[in-house]
Amino acid sequence: ITDVDGRTSVRSALVRVQNATVKLYDVNLDGVIDLKDVFRVGKAYGTRPGDPKWDPACDFNHDNIIDLKDYYPVCKHYGEDP
């Protein structure tokens, strides 16, 4: 990075690029949104970070609780594959 006065700074970061064919609600990343995904979100339902059954992969809206806002989209997209 170079600012308007010509001063430079270097910073590095690891960037993870996901496969574009992966569906958002394919929790287990097996290429299809199926009963395994519905079950996994259901198993984590009602949990928050720190709970023994907390699964961050199931918190799609990143509000730190697995609830209907996370469960409904998995059910809505059930059966979809890339």
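1. The backbone nitrogen of Lys-69 sits 3.1 Å from a polar atom of the Asp-67 side chain. For a polar contact, two N or O atoms must lie within 3.5 Å; within protein, one must be able to donate a hydrogen and the other to accept it, and residues adjacent in sequence count only if both atoms are side-chain atoms. Please keep in mind that this is a predicted model, in which local features need pLDDT of at least 70 and side-chain atom pairs count only at pLDDT 80 or more, while totals for chains, interfaces and linings use all residues. Residues are numbered from 1 along each chain as its sequence is written, and side-chain values use heavy atoms, with hydrogens and water left out.

2. Buried means under 20% relative accessible area, exposed means over 50%, and partly exposed is in between (1.4 Å probe, protein chains only). Asp-67 belongs to the loop between H1 and H2; helices (H or I, at least four residues) and strands (E, at least two) are DSSP runs, numbered from the N terminus.

3. How many salt bridges does a search of the whole structure find? There are 3. Side chains of opposite charge can pair when their charged atoms come close. Asp-55 and Arg-40 make one of these bridges, at 2.5 Å from N to O. This pair links distant parts of the chain, 15 residues apart: Arg-40 is in helix H1, and Asp-55 is in the loop between H1 and H2. Asp-55 counts as buried because its relative accessible area is 14%, whereas Arg-40, at 29%, is partly exposed.

4. Asp-3, Asp-5 and Arg-7 are linked in a network of salt bridges. The closest N and O atoms of Asp-3 and Arg-7 are 2.8 Å apart, and the bridge between Asp-5 and Arg-7 is 3.2 Å, N to O. Arg-7 is exposed at 54% relative accessibility, as is Asp-5 at 58%, while Asp-3 is partly exposed at 30%.

5. Turning to the rings, the structure holds 2 aromatic pairs. In Tyr-25 and Phe-60 the arrangement is edge-to-face, with 4.9 Å centre to centre and 80 degrees between the planes. Rings of Phe, Tyr and Trp (its six-membered ring) pair if their centres lie within 6.5 Å; planes under 30 degrees apart count as stacked, over 60 as edge-to-face and the rest as tilted. Tyr-25 comes from the segment before helix H1 (35–44) and Phe-60 from the loop between H1 and helix H2 (68–76), so the pair links distant parts of the chain, 35 residues apart. Both Tyr-25 and Phe-60 are buried.

6. Tyr-45 and Tyr-71 form an edge-to-face pair as well, 6.2 Å centre to centre with 80 degrees between the planes. Because Tyr-45 is in the loop between H1 and H2 and Tyr-71 in helix H2, the pair ties together parts that are 26 residues apart in sequence. Tyr-45 is partly exposed at 42%, and Tyr-71 is partly exposed at 24%.

Definitions and conventions
A salt bridge is a side-chain nitrogen of Lys or Arg within 4 Å of a carboxyl oxygen of Asp or Glu.
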